[in-house]
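Subject: Structure handover

Hello,

Here is the structure for your files. My notes follow below it.

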Amino acid sequence: MDFAMTEEQQAIFDMARDFGQTRIAQHAQDWERQGTIPRDLWPDVAALGLGGIFVSEEHGGAGLSRLDGTLIFEALAMACPSVASFLSIHNMCGGMIDRFGSPEDRQAWLPGLCAMTTVFSYCLTEPGSGSDAAALRTRADRTDEGWRINGTKAFISGGGYSDAYVTMLRTGAEGPRGISTVIVPADAPGLSFGAPEDKMGWRAQPTTQVQFDDCTVPAANLLGDEGRGFAYAMAGLDGGRLNIAAAALGGAQAALDATLRYMGDRQAFGQSLDRFQALQFRLAEMETALQSSRIFLRQAAWKLDQGAPDASKFCAMAKLQVTDRAFEVANQCLQLHGGYGYLADYGIEKIVRDLRVHQILEGTNEIMRLIISRAMIAERG
């Protein structure tokens, strides 16, 4: 088995890493303080083909694989996990539209998505249904003009910032089969947003509630088939979990790289920190954690690309493994910086804060354990 990246994949990784270091890294602290990502970043992102990573070339996208996507988000997250993760959500929406949308859906939405003149957010979670997503209550009813929507979504990255929202809504009876997906543009009548959430991390991307009060959208804004929205959402999350894991990996790698440099410079008891055997052991453990996580993540992405029957299980395992190990590594890096790690100037505390939420979103790691164990039991049968 060959675990090495191809020349093309190495070029993709290098391109994304270099862009992150030149266009994002130096601004990451300022964007966090401002609580937003400047809109003028996105045309430059789109010019590299990163606005529609998983969208087929015939619809203006890059047509890349899920494995390629993990390389991109890992590389970008080395500059800022928050910005990389926000872009991953936009691309998750693009993949859903390309895969499940009708030809009319693709023609209507994908050109703007790929050019990033239309920035997309994903709306599934509600105040009363997080892990139990199939219990969502926000409802869309048919009218002569299209759909009338009422309810509230919570914890939406890009709320009030994005131009369109891929939204899971109840159009039928209780349970997953009563859920459909509707694309709601930001200027839809009856759409409003709560105040920006004051968050521990991911502070560069605005997060709000998204509120629907007799919100109206045309009938054509239904994505795919009515009643298939939950299946679309879960399929989107398989790829989303890989992306979020990749961004966690990139953030942790940046923290470890910075820590290795710091330990070579910092003197204590007459020698640099990297000369102490106990601290060398910690470096070895962190390197092993990240390298093993990287291999597992890429295997899961390969399985999703191949349509393997156990791909969803592997995506859940990769999300669980990588996000847990990445947070542990980043937290250890802060510890090895001592008091300096607690200061914003060194950038480590930001990575720790950003990576903590990766263990929660796209399905909590407790839900990942549930998915994995249920798949194991089904395979036994």
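Where is the place of Tyr-340? Tyr-340 sits in the loop between helix H9 (311-336) and helix H10 (348-356); helices are DSSP runs of H or I with at least four residues, strands runs of E with at least two, numbered from the N terminus.

Some ground rules. This is a predicted model: local features need pLDDT of at least 70, side-chain atom pairs count only at pLDDT 80 or more, and totals for chains, interfaces and linings use all residues. Residues are numbered from 1 along each chain as its sequence is written, and side-chain values use heavy atoms, without hydrogens and water.

Salt bridges (a side-chain nitrogen of Lys or Arg within 4 Å of a carboxyl oxygen of Asp or Glu) come to 19 by this rule. Asp-44 forms one with Arg-23, with the closest N and O atoms 2.8 Å apart. Asp-44 lies in helix H3 (residues 41-47) and Arg-23 in helix H1 (residues 7-24), so the pair ties together parts 21 residues apart in sequence.

Helix H10 holds both Arg-353 and Glu-349, four residues apart, about one turn of the helix. Their side chains meet in a salt bridge (2.7 Å, N to O). Arg-353 is buried, and so is Glu-349 (buried: under 20% relative accessible area; exposed: over 50%; partly exposed: in between; 1.4 Å probe, protein chains only).

Glu-328 and Arg-325 form a salt bridge (2.8 Å, N to O). Glu-328 is partly exposed at 41% relative accessible area, and Arg-325 is partly exposed at 22%.

Regards
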